[in-house]
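Please read this report with the sequence and the model side by side. It starts with whole-chain figures and then turns to single residues.

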2 protein chains.
Amino acid sequence: MMSEKGLEIQIESAVRPTTIVDAPRLDKRLGVTLTLATETFQCTGSFKFRAAYNVASNVPQTMIIAASSGNFGQAMAYACSLLKKSCTIVMPVTSAKVKVEAVIEYGGHVDLVDVRVKSRADRVRELSEQHPEAYIASAYDDPLVIEGNSTLGIEIGALERQLDIVVAPVGGGGLISGLIKGLKQSRKKIVEVVGAEPLLGNDAARSLRAGHIVVNESEPQTIADGARTLSLGKHNWAIIQGNLSTIVEVPEEKIIEATRLLFEFANLKVEPTGALSLAAVLTHPDLFRGRSVCCVISGGNVDPGIYASMLNGT
Amino acid sequence: MMSEKGLEIQIESAVRPTTIVDAPRLDKRLGVTLTLATETFQCTGSFKFRAAYNVASNVPQTMIIAASSGNFGQAMAYACSLLKKSCTIVMPVTSAKVKVEAVIEYGGHVDLVDVRVKSRADRVRELSEQHPEAYIASAYDDPLVIEGNSTLGIEIGALERQLDIVVAPVGGGGLISGLIKGLKQSRKKIVEVVGAEPLLGNDAARSLRAGHIVVNESEPQTIADGARTLSLGKHNWAIIQGNLSTIVEVPEEKIIEATRLLFEFANLKVEPTGALSLAAVLTHPDLFRGRSVCCVISGGNVDPGIYASMLNGT
């Protein structure tokens, strides 16, 4: 009884609550009231741990294979190490070096693939044929992923402050569909949810306009490497369609500007994908002016060299 | 009645609780169990707001004059703006540009002084003669400062985890004397408190060895600009003497290394002074190995250019 309760507590506490940061000097500059909900101090440095832990702890399989541009890989490797499972992460050879190293350090096996030759999905299919006993985890297109990420929406919904809009990055749609689900579950007044997507990979914005999933021809080479996805997932699209008011298409230079602003006025170190939500505010100020805006900072893992270049504006 | 209660709540909530960050990858590398207590998300980006707000809200004067290498200035400017008081901050011309700008933005008046010609203390004396109605606030040598900073010690003492050592930067001694006071007030088991001081300005370490306050001949030109003080304050020394087990003298290169490690493995953007506590662990690993160590990160305000150079190791 004691040990069962002890285990329950441990499982519940594996996911860390998000960190809320205020930035009054940024508010003044942008003419909005910002609430920064940063997942940079989540286990493994991004929101992905919420999903990964929920998947790894709910599937019966003891081996997990996943494709990931990095953060989901770290998260799954760490979740599996906590739960004594094994995992293999398929990553593009262009992934940030720190992300590859981290997966290995957390005990995961990294399988590097040149996405110009073979897609990550094709490589995952190959591996799954070799390991029929493994669970193939999508970084976004999985109800368990959405459920895991919904905990962030529940936390934001429970904040003791009035919010008009929640903005979050869109890649495969795992985060934003989870947020929508979680915010609906919380008992607070419904807030508007806005997506932030790199203009270079704007398949989700095009999907919203078309009314069906639109697919990029190749992985978009945006600096926001967490959003280098071919398309939204089906499970994510089912939630996004009809619940997302709009998706702001963010130019690369706004991502860099937002990263710098978060450094200077919020003391936050964020990765380019994490800066997308603030970059959306910079891109379409009219949409946000005078309102209470929660920007979800999805993660913080970025190579020091790349980050230093962004600070130097080069 | 209602409004009085409302005001009380506002005053109590002006200081933000510290942010606790874990860094398991750093733990593995250093062989310690780290608890990072970071004040980088405190109002104005450093612990100094705790002190400044306590001073500004407790003295009857409506004008405040203070000497500060920057963070205390920002903190006092913001505290005064919240409390509808005015303040003048005397700063060295060599202060980080972001710190000078911030003081002005928070509504403070900045009085720049070339410390090679005239000490900040001398300039404060001049100003106080011109404004006899003003309160002259020390950034460290004031019981109200120590009391304000003690709230951080109380918070750390209340953490639901066992700690062996708390390490914190030492400049004038305001932070560490407050920590000692706060930790004593909390009802937890007594923890050892260790100071971290730049080797280039090791007056506090020399004071501890001598048994009396030793004064630097000039302001030490360490990269840790928050520790460019001539000596410990008298009120601080009274608490430090007999309660501080040791002060680690940290070489400049360890400050830079610690700043990088906090970036890479804790997603924390910290200023050089803020990295002193982790730098102490790097400098004297034997002192900390195998123990549960709380490193206090005092602040995060640093010029982007300087920070980028530190990341690039130049």
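What follows covers confidence, overall build and a handful of residues.

**Confidence**

This is a predicted model. Its scores are ipTM 0.92 and pTM 0.92. In chain A the mean pLDDT is 92, and 96% of the residues reach 70 or more. Residues 1-11 of chain A are an exception, with pLDDT below 50. Beyond near neighbours in sequence, that stretch makes 1 contact in the model.

**Chain A as a whole**

Chain A has 14 helices and 10 strands. Its radius of gyration is 18 Å. A compact globule of 314 residues would have a value near 20 Å, so chain A agrees with that expectation. Along the principal axes, the C-alpha atoms fill a box of roughly 55 × 55 × 40 Å.

How much of chain A is buried? Of its 314 residues, 61% count as buried. The accessible surface comes to about 12,500 Å². Carbon and sulfur atoms account for 54% of that surface.

Among contacts with a separation of 6 or more, 72% join residues 24 or more positions apart. Charges come next. Chain A carries 31 positive and 34 negative charges.

Start with chain A. Leu83(A) sits in the loop between helix 4 (71-82) and strand 4 (86-92). Lys84(A) belongs to the loop between helix 4 and strand 4 too. Leu83(A) has a relative accessible area of 22%, so it counts as partly exposed. Lys84(A) is exposed, at 73% relative accessibility.

What does Leu83(A) touch, leaving aside neighbours within four places in sequence? Its partners are Tyr53(A), Ala56(A) and Ser57(A). Ser57(A) is 26 residues away along the chain, and its C-alpha atom is 7.0 Å from that of Leu83(A).

Now chain B. Lys84(B) lies in the loop between helix 4 (71-82) and strand 4 of that chain. Its relative accessible area is 74%, so Lys84(B) is exposed. Lys84(B) and Lys269(B) are 185 residues apart along the chain, and their C-alpha atoms are separated by 31 Å.

**Two positive phi angles**

Most residues other than glycine have a negative phi. Lys84(A) goes against that pattern, with a positive phi of about 60°. Thr44(A) is not a glycine either, and its phi is positive, near 65°. Thr44(A) is placed in the loop between strand 2 (33-38) and helix 3 (48-58) of chain A. Is Thr44(A) buried or exposed? Thr44(A) has 9% relative accessibility, so it counts as buried.

**Val214(A), between two helices**

Val214(A) is in the loop between helix 9 (203-210) and helix 10 (234-240) of chain A. Its relative accessible area is 16%, under the 20% limit, so Val214(A) is buried. Beyond four places in sequence, Val214(A) contacts Asp203(A), Arg206(A), Ser207(A), Leu230(A) and Ser231(A). Asp203(A) is 11 residues away in sequence, and the C-alpha atoms of the pair are 5.6 Å apart.

Thr88(B) is part of strand 4 (residues 86-92) of chain B. It is buried, at 9% relative accessibility.

Gly31(B) lies in the loop between helix 2 (24-30) and strand 2 (33-38) of chain B. At 33% relative accessibility, Gly31(B) is partly exposed. Which residues does Gly31(B) touch, apart from those up to four places away in sequence? They are Arg289(B) and Gly290(B). Ser292(B) is 261 residues from Gly31(B) in sequence, with a C-alpha distance of 9.9 Å.

**Separations side by side**

The table collects the C-alpha pairs.

| Pair | Apart in sequence | C-alpha distance |
|---|---|---|
| Leu83(A) and Ser57(A) | 26 residues | 7.0 Å |
| Val214(A) and Asp203(A) | 11 residues | 5.6 Å |
| Gly31(B) and Ser292(B) | 261 residues | 9.9 Å |
| Lys84(B) and Lys269(B) | 185 residues | 31 Å |

Technical notes:
Residues numbered from 1 in each chain as written. Chains lettered and ligands numbered in written order. Predicted model: local features only at pLDDT ≥ 70, side-chain atom pairs only at ≥ 80, totals over all residues. Heavy atoms only, no water. Helix = DSSP H or I, 4+ residues; strand = E, 2+ residues; numbered from the N terminus. Rg over C-alpha atoms; globule rule 2.2 N^0.38 Å. Buried < 20%, exposed > 50% of the residue type's maximum accessible area, 1.4 Å probe, protein only. Contact = heavy atoms within 4.5 Å. Areas by Shrake-Rupley, 256 points an atom, 1.4 Å probe, with all protein chains shown as cover. Lys, Arg positive; Asp, Glu negative; His and termini not counted. Charge placed at Lys NZ, Arg CZ, Asp CG, Glu CD. pLDDT = per-residue confidence, 0-100.
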